Amino acid sequence: LIHFYKRDIMGNAQARRRIRASDFHYLAKFTAFASNDLVEEYYNKIIDQFPDGRMDKESFIATFHLAFPNRPEEKIMKLAEEIANKDGEISMANMLILFYLFCSGKTEDNLAHIFNLFDQDGNKVITVDELLNLMSVFIEIGEGKEHKVDLATVMAEMYQKGDADKNEKLELKEFTDGMLSHPVTSKILGIKTIDALLEIL
């Protein structure tokens, strides 16, 4: 448990370093953020306020509401309660994955940004360790904190589906193919409403 906790903290910190202004610029096109300048302002504010990559629920709710103002605020508040950890904190990587799930961009493009978020060393491939960090966050969001999904099994199956050249690394296309073809991850990618997400959390 301690080992997993340390890996989780390290994963979130590394993922936080992968969050770029370009991620928010992309989301500005497919959410209700008014402009790139507004996105940049919030990006800098969040990074400065939460250097460890974990934000409080109030900041999550405010940012989510800016991106998706038509989503009922009481449901955003409930969503924040469901995905926050025991200290009431929400990982910025989790928030971004939620943004990509709910935004109107193409699924393949959304996956490209999720790929970059967890490609910790920026070498354009996802390793087993990087995939483990990504899948643990992704499945927790899509299946709930008390999920019964066997993470190792899903990860291995998704890896096998995607790793076409069998080099034990996933390039972007392989990652995309694996995520879209596995029943667990493809189901999560189809979630587009807070109600649908809350039903499984």
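Q: How much of the chain counts as buried?
A: Of its 201 residues, 49% are buried. Buried means under 20% relative accessible area, exposed means over 50%, and partly exposed is in between, with a 1.4 Å probe and protein chains only.

Q: Where does the model come from?
A: It is predicted: local features need pLDDT of at least 70, side-chain atom pairs count only at pLDDT 80 or more, and totals for chains, interfaces and linings use all residues. Residues are numbered from 1 along each chain as its sequence is written, and side-chain values use heavy atoms, leaving out hydrogens and water.

Q: How many helices and strands?
A: The chain has 12 helices and 4 strands. These are DSSP runs numbered from the N terminus: helices are H or I, at least four residues, and strands are E, at least two.

Q: Which residues touch the most others in the largest nonpolar core?
A: Phe60, Phe64, Leu79, Leu98 and Phe175, out of 61 residues in that core. A nonpolar core is a set of buried Ala, Val, Leu, Ile, Met, Phe, Trp, Tyr and Cys residues joined through side-chain atoms within 4.5 Å. Helix α6 (residues 92-102) gives the largest share, 10 residues.

Q: What does Phe175 touch?
A: Leaving aside residues up to four places away in sequence, Phe175 touches Leu111, Ile114, Phe115, Leu131, Leu134, Met158 and Leu170. Contact means heavy atoms within 4.5 Å.

Q: Back to α6. At what angle does it pack with α7?
A: About 170 degrees, with the axes of α6 and helix α7 (residues 107-118) 10 Å apart. Axes are lines fitted to C-alpha atoms, for helices over the stretch in contact, and angles run from 0 to 180 degrees between N-to-C directions.

Q: So what do we call that?
A: Roughly antiparallel, because that word covers angles over 145 degrees. Under 35 is roughly parallel, 65 to 115 is roughly perpendicular, and the rest are oblique.

Q: New topic. Which residues of α5 are buried?
A: In helix α5 (residues 73-83), they are Ile76, Leu79, Ala80 and Ile83. They cover an arc of only 100 degrees around the axis, so they sit on the same side of α5. The arc is that of the directions from the helix axis to the C-beta atoms.

Q: And Lys75, buried or partly exposed?
A: Lys75, also in α5, is partly exposed, at 26% relative accessibility.

Q: What does Lys75 touch?
A: Ile194, Asp195 and Leu198, not counting residues up to four places away in sequence. Lys75 and Ile194 are 119 residues apart along the chain, yet their C-alpha atoms are separated by 6.8 Å.
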